[in-house]
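Here's a quick briefing to read alongside the model. Have the sequence and the 3D view open, and follow the points in order.

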Amino acid sequence: MQTDFLKVEALSRIYPGSRGQAPLVVFENVHFSIGKGEFVCIIGHSGCGKSTILNVLAGLDEPSAGVVIMDGREVAGPSLDRGVVFQGHALMPWLSVMKNIEFAVKSRWPDWRKDKVRSHCQQFIDLVGLTGAEHKKPSELSGGMKQRVGIARAFSIQPKMLLLDEPFGALDALTRGVIQDELLKICAATGQTVFMITHDVDEAMLLSDRIILMTNGPRARIAEIVVNTLSRNRTRNDVHKDPQYYRIRNHLVDFLVSRSREMAQAPAADSDPRHPPEVRPGEEMDDQGIAKPPPAQKQPAMHLV
Ligand SMILES: Nc1ncnc2c1ncn2[C@@H]1O[C@H](COP(=O)(O)OP(=O)(O)OP(=O)(O)O)[C@@H](O)[C@H]1O
């Protein structure tokens, strides 16, 4: 894996204070990298700057300091190399579902013939379960349906990097599960690189390879990066059967409940923001600090009647 497909170096965001107030340092000295084909989630309490970081990666916002390099080039504005899905749907209200997606696909591949554009878009409309709604305008769709159009549009341009800002938050549990499964399949099939904001620890554990934990703001920073050591072949139905699952989950919940605040107030004296600690709470360690192999799965007991 190319470990530094995306490199974030010394990123800070400061908003000037208005009417004599002190400037707001949202986050500072944030460093991390994402490998090609890697799925990274970021978790942290409201206001720690997750959306701001995502907007900087997208080229929609400028950092106060620091730099983002993707595939060897500095990010300096929006690009079709990055597909973004926001919490709000950001659709063009005067265009139908099909036309909203076509607009993006035509921008990406201006030489494609009309029928090729159409069939390409249809593939992604079908994928997100909107078959039959192609000609509806956004005002005729539910919130969840609008969100699915945004997801289809971002996937359809096959970006080098997908940036997802809580994309499934507004979906009902069933649709959310279906689209999470589809996203896993697409990522496995295409090696898609993804950076995603979520508040849902189960979603992060199902989808991601690593999870970035941010301390509370202001002056938020990366507390640690959790390596998701669950098997890559996990599915929504069996992920909780892995003995690592609750160890990782408890670690994440404990961070959100208490450590995110404590670490914001008292950063570790030896912490180096250029190298946030990577932890593997799913693995049990032996006395020498070496990860024990996961226990063999027990066969379910057979009951003869
Ligand atoms: N244009 C702005 N001017 C001043 N402050 C801003 C501006 N935009 C965002 N902020 C502040 O920056 C901080 C981080 O905002 P951001 O939306 O990135 O947080 P977040 O972690 O994504 O939050 P949430 O989980 O609620 O979406 C917040 O305190 C917000 O009030």
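I197 sits in strand β8 (residues 193-197), where helices (H or I, at least four residues) and strands (E, at least two) are DSSP runs numbered from the N terminus. Keep in mind that this is a predicted model: local features need pLDDT of at least 70, side-chain atom pairs count only at pLDDT 80 or more, and totals for chains, interfaces and linings use all residues. Residues are numbered from 1 along each chain as its sequence is written.

**Around I197**

- I197 counts as buried because it has 22 other C-beta atoms within 10 Å; the cut-offs are 20 or more for buried, 12 or fewer for exposed, and partly exposed in between, with C-beta atoms placed from the backbone.
- Leaving aside neighbours within four places in sequence, I197 is in contact with I42, K50, S51, L54, L164, D165 and E166 (contact is C-beta atoms, placed from the backbone, within 7 Å).
- V8 is 189 residues away from I197 in sequence, and the two are 16 Å apart in space, C-alpha to C-alpha.

**The ligand shell**

- Which residues are around the ligand? They are Y15, L24, V26, G44, S46, G47, C48, G49, K50, S51 and T52, taking near as a C-beta atom, placed from the backbone, within 6 Å.
- The largest share, three residues, comes from α1.
- By class, the shell has four nonpolar, six polar and one charged residue; here Ala, Val, Leu, Ile, Met, Phe, Trp, Tyr, Cys and Pro count as nonpolar, Asp, Glu, Lys and Arg as charged, and the others, Gly among them, as polar.

**Helix packing around α2**

- Two packed helices are described by the angle between their axes and the distance between the axes.
- α2 (residues 97-108) packs on α4 (residues 143-156) at an angle of about 25 degrees, with the axes 9 Å apart; axes are lines fitted to C-alpha atoms, for helices over the stretch in contact, and angles run from 0 to 180 degrees between N-to-C directions.
- That makes α2 roughly parallel to α4 (under 35 degrees is roughly parallel, over 145 roughly antiparallel, 65 to 115 roughly perpendicular, and the rest oblique).
- V97, N100, I101, A104 and V105 of α2 make the contact with V149, A152, R153 and S156 of α4.
- Sorted by class, the residues of this contact of α2 with α4 are six nonpolar, two polar and one charged.
- α2 and α3 (residues 114-127) have axes that come within 9 Å and cross at roughly 120 degrees.
- α2 and α3 are therefore oblique to each other.
- From α2, V97, M98, I101, E102, V105 and K106 meet V117, H120, C121, F124 and I125 of α3.
- The contact of α2 with α3 divides into eight nonpolar, one polar and two charged residues.

- The G217 to P218 peptide bond is cis, with omega near -5 degrees, and P218 lies in the loop between β9 (210-214) and β10 (222-227).
- R219 is found in the loop between β9 and β10 and has a positive phi of about 55 degrees although it is not a glycine.
- R219 counts as partly exposed because it has 18 C-beta neighbours inside 10 Å.
- E166, in the loop between β7 (161-165) and α5 (173-190), has a positive phi near 45 degrees, again in a residue other than glycine.
- With 19 C-beta neighbours inside 10 Å, E166 counts as partly exposed.

Conventions
Contact = placed C-beta atoms within 7 Å.
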